[in-house]
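Here is a short report on one structure. Look it over first, then read on.

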Amino acid sequence: MQAGLNAMQAALDAAITPVPFFLRDDDAGWGDARLYALLDCTERAGVPIDLAVIPQAAHGLLAQALCARIDSAPDLIGVHQHGFAHQNHETVERKCEFGNTRNIDDQHDDLCAGRERLRNMFEHRLDAIFTPPWNRCSITTPTLLAELGYCALSRDRSAPTQNALPELRVDVDWSKQHKFDGNGADRIGFELAQRIGMGAPIGLMLHHAEMDAEDLILLSTLLKVLGKHARTQFLPMRELISQRLLLAPTRPAEHQREFS
């Protein structure tokens, strides 16, 4: 991993202004033990992490544990909605829960049911952010999200542009890069280095259920290096939104507010 870390440090050394980073971990509700291990890792590093929670997979004991952690360190953990059941509804196109073949009424019902379930579990702790499973959704979903009061959408950097909501995009998929080949750890560092200096927050996407002890050791090393650098600024997603450090829609959204 050293070559990737060196490239990342060199890019940070050359940065003129602070570089905002955020961590987004998907699929909370699956693999609780691995989720808690990840949270212990980020807590030791003093780095905030945002959890995309699957409403139908989340349960009471998980919510209690996360609420306790949030209340003890509110600046280190954020929670927001990750689809509804993380269920694929496409038969021809790539996997998608809120895809082009689903009508708007079905999408509306799932969004509202999922939000209500998470509200009951997390109350005021729930952020008005939506991450679609598999990082993709239909062209009509962002407008629906805006109408329902969501304040931001989070997908990956390859997602098509949309005009309805501000967007926080993830840049590097930890699991995809790390498991790609024997140089996966270096690939993560090189990928992050390429994004530094481009003017947008840099998002690292994690999937705790796919992360083993080796992953956590490597992540700890990465966070330690980043955390020590004067140009690095780790922020919760809600803070990036409040500071408008994100991709703005091409026209002002009418519903950029907290959940009503």
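Contact means heavy atoms within 4.5 Å. The model is predicted: local features need pLDDT of at least 70, side-chain atom pairs count only at pLDDT 80 or more, and totals for chains, interfaces and linings use all residues. Residues are numbered from 1 along each chain as its sequence is written, and side-chain values use heavy atoms, without hydrogens or water.

**An aspartate in a strand**

D25 sits in strand β1 (residues 19–28); a strand is a DSSP run of E, at least two residues, numbered from the N terminus. D25 is buried (under 20% relative accessible area, 1.4 Å probe, protein chains only). D25 has no salt bridge (a side-chain nitrogen of Lys or Arg within 4 Å of a carboxyl oxygen of Asp or Glu). The nearest side chain of opposite charge, R24, is 8.3 Å away. Beyond neighbours within four places in sequence, D25 contacts L35, L38, I49, D50, L51, A52, L206, H207 and H208.

**A helix with one buried face**

Helix α1 covers residues 2–14; a helix is a DSSP run of H or I, at least four residues. The buried residues of α1 are G4, L5, M8, A11 and L12. Seen down the axis of α1, they fall within an arc of 125°, so they line one face. The face turned away carries D13 and A14, which are exposed (over 50%).

**Cysteines**

The structure holds 0 disulfides (cysteine sulfur pairs within 2.5 Å).

| Cysteine | Nearest cysteine sulfur | Distance |
|---|---|---|
| C67 | C151 | 19 Å |
| C112 | C137 | 16 Å |

C67 counts as buried at 9% relative accessibility.

Conventions:
The expected span of a helix is 1.5 Å times one less than its number of residues. The arc is that of the directions from the helix axis to the C-beta atoms. Lys and Arg count as positive and Asp and Glu as negative; His and the chain ends are not counted.
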